[in-house]
Amino acid sequence: MQKITIKLAAFIIITSFLTACGGNQDEKIEEVTEVITATDSTNQVDYILPSPLQIAELFKSAGLTYIGDITSPKTKVETFNSKNDQKLNFGVYSADMAYCIMNNQTQESINYLNTLRLLSEKLWMTDILSSMGISTRLEANIGNEDSLTYIMADLQMQLDDYLDENGMGYTGSIIFAGAWVETMYLGSKVNESKQNDKLISRLSEQAVILNSLIKSVKQSDEENEFTELITDLENIQKHFSRFDEESSENYVMNKEEINALTTDITNLRNKIIGDKSK
Amino acid sequence: MKKTILYSVLAFVLFFSTSAIQNNNNECDIRTIKNECLRSLKPDYLYDSYKATRFLYTNAEQVMEIEAPLFKDEKYRFIFNIAGLPKDIEVKFFDKKKGAKDRKQLYSLTKEEGKNIYIFEPEVSKKIYLNYIIPRTTQQNLSGCMVSVIGYHLTTE
């Protein structure tokens, strides 16, 4: 019996060592692969895109007033079935929520939060919106724009954490694309209703964001799922053709340019939300 | 004899458990590292975004560039936490992208003993380029991470 125990123990130890040694060989193979990858990444470029809240705040400080019926209809949330539509419209609704918060439309903000919650369930991101008690915080801070802004910033951070921790960093640029198009749409529509030079200046300045956004979406698009979105964004980029990234001169679009941009950004936004009526 | 076998097995288990723990030492707790940066936003800056960059030190120097668009006349604060670095890297900001003519260095992180959090407030508009220069190493399986939090303070009315 003792001999069998000794043999068994010896077998386990030897087998384990052999397995362990085999494991090391695998690791060595992986190390070589990693080295190649890392050497390739010497020219790696990444992008930091601003939060939709910052752009909304920027537009607000330039005179972005509130027009109630221009935000995306909440009822449409049920119609977004593909993951890509859901990601883009998550961005659209986030921008609408930021727009409502900036303009002290607390109940509408809560309504958009609930819409985002429905969409996040479809995207399996439920925990970011349900764990923070955002509705309660929003209700407790009605009329306090500063506090509402901090709540929105917290929400953005939770989303950033979620995407990073779940290896979904690239999803962030798609969500941001939806948010950016919606914020541009809101800015353009408000400017269309009453021309505002400060707002035009801020709309023009978005050229710098669009440039990084397109590169970031292209980088995310390993499976060519966003070819159409990239083409649409590049079409918008044509309106900023006079913009020079290297120049220190102030770039502001003229009336014709801003009108043409408004038309195309409206078409793109309506395409994203699946609205052909507006 | 039984005791010898028992001790051998225990030693064996202990050896591999310790190895496993050592391998995990380089893993980054991004959320904790990021949260430590947030304190430096207060009181004037609002959270905008953060970028967590994970990398493996290799036998060749690597340069990772991060492009960040900025809006004119607004204030920005970049906060870094180097707690996730097992070996120092260079952190620099430039006004133009890698390879561009007349590219100027705007900032270079100088490490101070016992300090993990560093702050840079750029005074440029349009775009800024953050570079992580990761030195070569002969050490195997050495990984690290850098976290950069960006805060903004709108000044225009």
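Biologist: Which strand order does the open sheet of four strands in chain B have?

Modeller: The order is β1-β8-β3-β6 in chain B, with antiparallel pairing. Bear in mind that this is a predicted model.

Biologist: What makes β1 and β6 of chain B the edge strands?

Modeller: Each pairs on one side only. In chain B, β1 covers 46–56 and β6 covers 117–120. Neighbouring strands of this sheet are turned by 20 degrees against each other on average, direction ignored.

Biologist: How do you know that β3 and β6 of chain B pair?

Modeller: Pairing takes at least two bridges. Strand β3(B), residues 75–81, has four bridges to β6(B), and the two run antiparallel. So β3(B) and β6(B) meet the criterion. B:Ile79, for instance, has B:Ile119 as its bridge partner in β6(B).

Biologist: Why is strand β2 of chain B called largely enclosed?

Modeller: A residue is buried when its relative accessible area is under 20%. Nine of the nine residues of β2(B), 62–70, are buried, so the strand is largely enclosed by the rest of the structure. Both faces take part: B:Gln62, B:Met64, B:Ile66, B:Ala68 and B:Leu70 point one way, while B:Val63, B:Glu65, B:Glu67 and B:Pro69 point the other way.

Biologist: What makes helix α2 of chain A largely enclosed?

Modeller: The same cut-off of under 20% applies. Eight of the ten residues of α2(A), 52–61, are buried, so the helix is largely enclosed by the rest of the structure. Among them are A:Pro52, A:Gln54, A:Glu57 and A:Phe59. After α2(A) comes A:Gly63, with a positive phi near 110 degrees.

Biologist: How many residues line the largest pocket, and which are the closest to its centre?

Modeller: The pocket has a volume of about 920 Å³. Its lining has 39 residues, and A:Gly169, A:Tyr170, A:Gly172, B:Tyr50 and B:Lys51 are the closest to its centre.

Biologist: Which elements supply at least two residues each to that lining?

Modeller: From chain A they are β1, α3, α5, α7, α8 and α10; from chain B, β1.

Biologist: How many residues of the lining are nonpolar, polar and charged?

Modeller: The lining has 20 nonpolar, 13 polar and six charged residues. Gly counts as polar here.

Key: Residues are numbered from 1 along each chain as its sequence is written. Chains are lettered from A and ligands numbered from 1 in the order in which they are written. This is a predicted model: local features need pLDDT of at least 70, side-chain atom pairs count only at pLDDT 80 or more; totals for chains, interfaces and linings use all residues. Side-chain values use heavy atoms; hydrogens and water are left out. Axes are lines fitted to C-alpha atoms, for helices over the stretch in contact, and angles run from 0 to 180 degrees between N-to-C directions. On a 1 Å grid over the protein atoms alone, a cavity is a set of points where a 1.4 Å probe fits but cannot get out, and a pocket is an open set with protein on both sides within 12 Å along at least five of seven lines; lining residues have an atom within 4 Å of a point. Grid points are joined across faces, edges and corners, and a volume is the space filled by probe spheres set on the points. Buried means under 20% relative accessible area, exposed over 50%, partly exposed in between (1.4 Å probe, protein chains only).
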